[in-house]
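Me: I've got a model open on my screen and I'd like to talk it through. Can you help me read it step by step?

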Amino acid sequence: MATKTDPLVHMGTITGGEARELLKSNPVILLPMGSHEDQGPHAPMGDYLLAEKIAELAALQATKAGTRTLVAPVLPYGGADWFGPMIGGIAISQGTLTAVIAEMVDSLHRNGLTRIIVINGHGGNVGPISEVARELYQRERIVLPSLYLWRIAYGMLPGIVGAEKSAKVSGHGADPLTSLGLHLFPELIRKDFIPAGKSMKRDPVLDLPFTGLGTASFDGAEVGMPNEYDEVYHDGVGKGDPTLCSAETGVQLAEKLTDVCARFIAHFAAKVPA
């Protein structure tokens, strides 16, 4: 956790005068992104809070290790995908998100801030991030890499809790986000609302078992489906069992995510000098 003795890493809290001096060196800038959607009845809807926190921890670790790193203001609204039915959810279209990311990057590039890494916390952001990065590389040969935190975390879970438990606990509304929340934002998790895990629903039209968002199974073959999350999940929870999540798992996930992000920052900075 950040303390008063830690270096400033949030661009939003740096004064204009500090920025003029600090940003002359073209430090690495992390652009955290997430979403505001249903994460289950027990978890805050803003999973962008976790993406921003991991970015902050990574920036602090990288800075202390010698690579000055800052965190841009988080982009809290994710690209629209499956979660439109959730009351209170806020998403923006894929085209609008692509334009927003491109203009944020252009704003930084205008003043010579060209070393940017996207820290992503939402699947609906992947397409727009990739489109902006591809266009930027083709136009200027500038690399805009991105780290999709939850995809990375899914790969870490078997090594933390074992393959069998990982298969039971992995999924939307469960891990990795619930365990990370129990560790990083325990005051925001409603433990009394944590539901027991259930299997995903069946498609109401074709009577096929859902295997994920946008997919069902027919005799073992994957079938693409258009159903939104409320027809697939139970109260925002997918195939994972959130009762198996824990702060202890969250501690290890946070440490491993922070470490891989911080090490990538150092690698990026070494390959893309200021």
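Me: How many of the residues in strand β5 are buried?
Reply: Keep in mind that this is a predicted model. Strand β5 covers residues 116–120 and is mostly covered. Ile 116, Val 118 and Asn 120 are buried on one side, and Ile 117 and Ile 119 are buried on the other.

Me: Okay, and which residue in β5 is the bridge partner of Pro 32?
Reply: Strand β1, residues 28–33, pairs with β5 in the parallel sense over 5 bridges. Pro 32 has its bridge partner in β5, and that partner is Ile 119.

Me: Which helix joins β5 and β6 in a β-α-β unit?
Reply: β5 also pairs with strand β6 (residues 146–148), in the parallel sense over 3 bridges. One of the links is between Val 118 and Ser 146. The β-α-β unit is right-handed, and its helix is α4, residues 126–140.

Me: Which element gives the most residues to the largest nonpolar core?
Reply: That core has 35 residues, and Ile 119, Trp 150 and Leu 257 are among those with the most contacts inside it. Elements that give two or more residues include β1, β5, α2 and α9. The one that gives the most, with 9 residues, is α2.

Note on methods
Residues numbered from 1 in each chain as written. Predicted model: local features only at pLDDT ≥ 70, side-chain atom pairs only at ≥ 80, totals over all residues. Heavy atoms only, no water. Buried < 20%, exposed > 50% of the residue type's maximum accessible area, 1.4 Å probe, protein only. Helix = DSSP H or I, 4+ residues; strand = E, 2+ residues; numbered from the N terminus. Pairing = 2+ DSSP bridges. Right-handed = clockwise from strand over helix to strand, strands pointing away. Core = buried A, V, L, I, M, F, W, Y, C linked by side-chain atoms within 4.5 Å.
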